[in-house]
Amino acid sequence: MPAATRPADLRMGLVGLAAWAGGLLVAAPGRLLGAGAVLLAVLLAVLLVGGGLVPTRALRRGRRRSWTSLRAWRTTALACLLAMLAVLVAGLVRADRVAGDPVASLATEGAAVTGRLVVSTDPRPMAGARTDGVFLRAVVVEVSGRGTTWRVRSPVLVLAPASWSDVRLGSTVALAGRLRPTDDGDRALAAMLSVHGEPVVLEQPGAWWRATEVLRASLRAAVAHRPAPERVLVPALVAGDDAGLDPRVAEEFRATGLTHLLAVSGTNLTLLLGALLVLARLVGVRGRGLLVLGLAGVVGFVLLARTEPSVLRAAVMGVVGLLALTHGGGRAVRGLGVAVTVLLLVDPTLATAPGFALSVLATGGIVLLGPRWRDALARWLPRWLAEAIAVPTAAQLACTPVVAALSGQVSLVAVVANLLAAPAVGPATVLGLLGGCVGLVWPWAGRLLGTVATWCVGWIVEVAHRGAALPTAAVDWSTSGAALAALTALTVVLAWRGPRLVSTRARGAASCVVLVVAVLVRPPVPGWPPDGWVLVACDVGQGDALVLATTPGHAVVVDVGPEPGAVGRCLDDLGVSTVDLLVLTHFHADHVDGLSAVLGSHGVGEVWVSRVLDPADGARSVLADAAAAGVPLHPAPYAGAWRSGATRLQVLWPTPGEPGTGPGDGTAANDASVVLLVEVAGLRLLLTGDLEPPGQAALARTLPDLAVDVLKVPHHGSSYQDLGWLTGLGARVAVVTVGEDNDYGHPAPSVVAALESAGARVLRTDTDGSVAVVAGEAGPSVLTTR
């Protein structure tokens with residue numbers, strides 16, 4: 001059969017899947033034992049049939065071809081069984097070694113220890129932490145605790161103060177802190193280590209690490225003179241170093257499916273290789289020259305991004321993608337199967353790592369789906385353009401279910417955004433790398449190359465910004481099992497039948513029109529917003545964004561959530577064009593980071609804020625954004641009232657001179673949250689921000705007879721509440737603003753149970769979506785988007 005029509009040999013791919021199943025059994029035996037047993041039974045059935053123990057018509061006829069085919073499948077089944085068992089045994093051995101590790105044993109006792117550790121990753125800031133701090137991975141090489149000293153090699157996650165942010169990769173550091181078990185039984189780590197005080201470096205990194213650090217520093221210096229976010233994104237593209245990236249830019253990249261460009265991933269590397277190969281073909285490179293060029297790109301990528309597990313995984317997947325682009329899908333499928341099996345044998349815990357799943361799926365999509373999409377498009381497009389479209393399309397389709405499970409969204413502009421951004425990825429990365437290398441000798445030349453690299457990155461930023469601003473750049477998708485199963489089935493159908501939809505110019509144009517309409521026209525939610533709504537708690541994830549109706553097209557907004565896109569979409573859906581009053585209860589990121597969406601596209605009359613102006617909590621950026629928009633900003637006046645239409649609100653808290661109303665830690669800022677009492681259409685609503693129990697108790701003393709119809713539960717339903725006060729308010733509806741699968745355990749079951757026992761109907765934005773409160777003759781009623 002000609003190579004062009006010969007079907008791909010999937011046998012090694014099946015071996016890789018069997019190895020993956022073995023890793024899943026190790027990671028979650030209780031949940032996956034049934035699935036593993038079914039897979040094992042299927043493989044045994046194939047083995048029995050292939051071995052001739054079950055008679056078949058083909059064997060009775062003695063056809064040599066059938067016998068050869070069955071013998072091949074018997075060999076495949078045996079290989080699958082061996083791969084599954086090998087990964088299973090490797091994982092169990094690794095888990096047993098970690099469980100029997102002295103560090104793990106000390107962690108179960110919460111022991112205070114001393115010793116030495118070697119830093120294995122760069123320190124990174126803790127997201128959402130109340131106080132400054134960093135986390136990093138390290139390998140403990142010596143530990144002393146409970147009167148005994150051990151020499152070990154135990155991987156740990158280190159939680160450290162901000163002073164550790166300058167500790168360099170490869171350094172040997174004195175260990176002094178407290179061990180505790182890992183969260184969720186993470187089998188890749190022996191323990192978590194909390195340390196305090198300044199780091200004591202016992203030994204500097206070796207020459208290799210020093211050389212890579214010098215090159216990375218030169219790379220950052222080559223773009224340091226350029227504005228953000230370009231100066232941050234060039235190191236991110238070249239080496240996965242996205243430290244200091246504006247969260248708003250990160251959200252735009254997420255909404256447009258460009259997040260892989262910010263991290264070391266197989267998708268990023270494969271796209272880079274694709275860009276390099278397209279350029280190489282344009283200048284006449286063919287055959288083995290393409291393979292050599294691609295391998296050189298992989299080696300350079302690993303050298304600069306450092307030999308961390310994620311980098312090596314990306315390199316392996318990039319090589320597989322290179323095989324697909326240069327030698328066809330058959331060899332690449334075998335390479336992918338071998339890569340998956342080898343990686344899982346080395347580290348079985350990868351089986352449950354999202355990054356591993358995305359790398360494998362993206363590479364598998366490029367290998368298996370890419371050629372069919374490319375050939376269909378090449379019937380009416382130039383081959384180079386067909387290939388440029390097929391690569392991101394195949395990768396995005398393959399990853400869609402997992403991305404939806406992780407983010408709760410499906411991007412509709414990801415393919416187009418990747419297609420538009422891809423031409424700039426290669427030049428930006430190559431020029432950024434050259435700028436870092438040349439800058440070691442001629443800093444002025446390095447800055448020149450870095451400037452051109454940031455111009456290329458500027459195009460990517462513009463693509464992300466414009467794409468994220470589209471009405472339906474991404475659609476929310478439930479992370480329930482049924483919803484993800486439906487999305488997977490839809491993705492499979494589209495991946496298989498999609499090439500037919502774009503195989504002619506007419507069909508391709510029609511498909512593009514459908515996609516453009518879907519992106520530009522936001523589908524309405526039936527019955528949303530409901531008539532007579534007075535309050536909407538927007539579904540913005542782990543954060544607050546509340547909208548109070550005033551007059552048609554106008555509203556009061558209380559907090560703006562953790563990112564601009566979600567609150568902007570919510571206001572658009574509600575038909576709000578003008579925000580007469582914006583109240584920021586306090587300056588934590590989950591309440592203020594969406595500010596640009598309100599200031600940028602809605603007329604804002606004035607802004608009331610908490611009196612705690614702590615720059616570490618985001619006050620500085622809020623002040624700057626308000627000043628740039630020319631919007632007056634005032635501290636919320638205690639007992640001050642504000643009215644528009646039938647809506648009246650009054651500031652109940654903080655009272656002047658109460659403890660916690662000055663700059664301080666996260667708890668003090670929470671306790672200085674602006675608390676509002678709203679009266680509208682015969683209803684009384686209490687909006688509490690993140691008020692903590694001390695503030696709740698003080699407010700109870702100030703207003704002992706306070707009673708309301710609707711309560712916005714403080715601090716996302718945290719367990720840290722004055723339940724007597726909450727349940728004594730007599731609320732008939734309680735709204736909890738909370739993100740799906742958040743890491744904080746919000747809302748606490750005890751809080752929900754107490755409110756329900758007191759007669760309140762509890763609504764949650766993580767399970768109910770946006771919540772609208774409607775005023776009626778019988779009191780408040782609710783409507784949700786889910």
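**Close-up views of a predicted model**

**View 1. L258 sits in a buried spot.** L258 is buried, with a relative accessible area of 0%. The model shown here, and in every view below, is predicted. L258 lies in the loop between α8 (247-255) and α9 (266-282). Which residues does L258 touch, leaving aside its neighbours within four places in sequence? The contacts are F253, A417, N418, A421, I460, V463 and A464. Take A464 from that list. L258 and A464 are 206 residues apart in sequence, yet their C-alpha atoms are 7.4 Å apart in space.

**View 2. Helices α15 and α16 cross.** Helix α15 covers residues 414-439, and helix α16 covers residues 443-468. Their axes come within 8 Å. The crossing angle is roughly 165°. Are the two helices roughly parallel or roughly antiparallel? Angles over 145 degrees count as roughly antiparallel, and α15 and α16 are therefore roughly antiparallel to each other. The crossing of α15 past α16 is left-handed.

**View 3. G498 lies in a helix.** Find G498 in helix α17, which spans residues 481-501. Is G498 buried or exposed? G498 is buried, with a relative accessible area of 1%. Not counting residues up to four places away in sequence, G498 touches W373 and V493. Now look for S511. G498 and S511 are 13 residues apart in sequence. From C-alpha to C-alpha, G498 and S511 are 9.6 Å apart in space.

**View 4. Eight strands form an open sheet.** Follow the order of the strands: β15-β14-β13-β12-β11-β10-β23-β24. The pairing is mixed. Which strands are at the edges? The edge strands are β15 (633-635) and β24 (779-784), and each pairs on one side only. On average, neighbouring strands of this sheet are turned by 20° against each other, direction ignored.

**View 5. Strands β10 and β11 pair in the antiparallel sense.** Strands of a sheet pair through backbone hydrogen bonds, either parallel or antiparallel. Here, β10 is made of residues 533-537 and β11 of residues 546-549. How many bridges join β10 and β11? There are three bridges. Pick out L535: its bridge partner in β11 is L548.

**View 6. Seven strands form another open sheet.** This sheet runs in the order β16-β17-β18-β19-β20-β21-β22. Its pairing is mixed. At the edges stand β16 (641-644) and β22 (761-764). Each edge strand has a single partner strand, so one side of each is left without a neighbour in the sheet. Neighbouring strands of this sheet are turned by 20° against each other on average, with direction ignored.

**View 7. Strands β20 and β21 pair in the parallel sense.** Strand β20 covers residues 710-712, and strand β21 covers residues 733-736. Three bridges join β20 and β21. Which residue in β21 is the bridge partner of K712? The partner is V735.

View 8. The protein chain has 27 helices and 24 strands. Of its 786 residues, 50% count as buried. G498 and L258 are both buried. Take the contacts between residues at least 6 apart in sequence: 69% of these join residues at least 24 apart. The accessible surface of the protein chain comes to about 34300 Å². Carbon and sulfur atoms account for 63% of that surface.

How values were computed. Residues numbered from 1 in each chain as written. Predicted model: local features only at pLDDT ≥ 70, side-chain atom pairs only at ≥ 80, totals over all residues. Heavy atoms only, no water. Helix = DSSP H or I, 4+ residues; strand = E, 2+ residues; numbered from the N terminus. Buried < 20%, exposed > 50% of the residue type's maximum accessible area, 1.4 Å probe, protein only. Contact = heavy atoms within 4.5 Å. Areas by Shrake-Rupley, 256 points an atom, 1.4 Å probe, with all protein chains shown as cover. Pairing = 2+ DSSP bridges. Axes fitted to C-alpha atoms, helices over the stretch in contact; angles between N-to-C directions. Parallel < 35°, antiparallel > 145°, perpendicular 65-115°, else oblique. Left-handed = near helix turned anticlockwise from the far one by under 90°.
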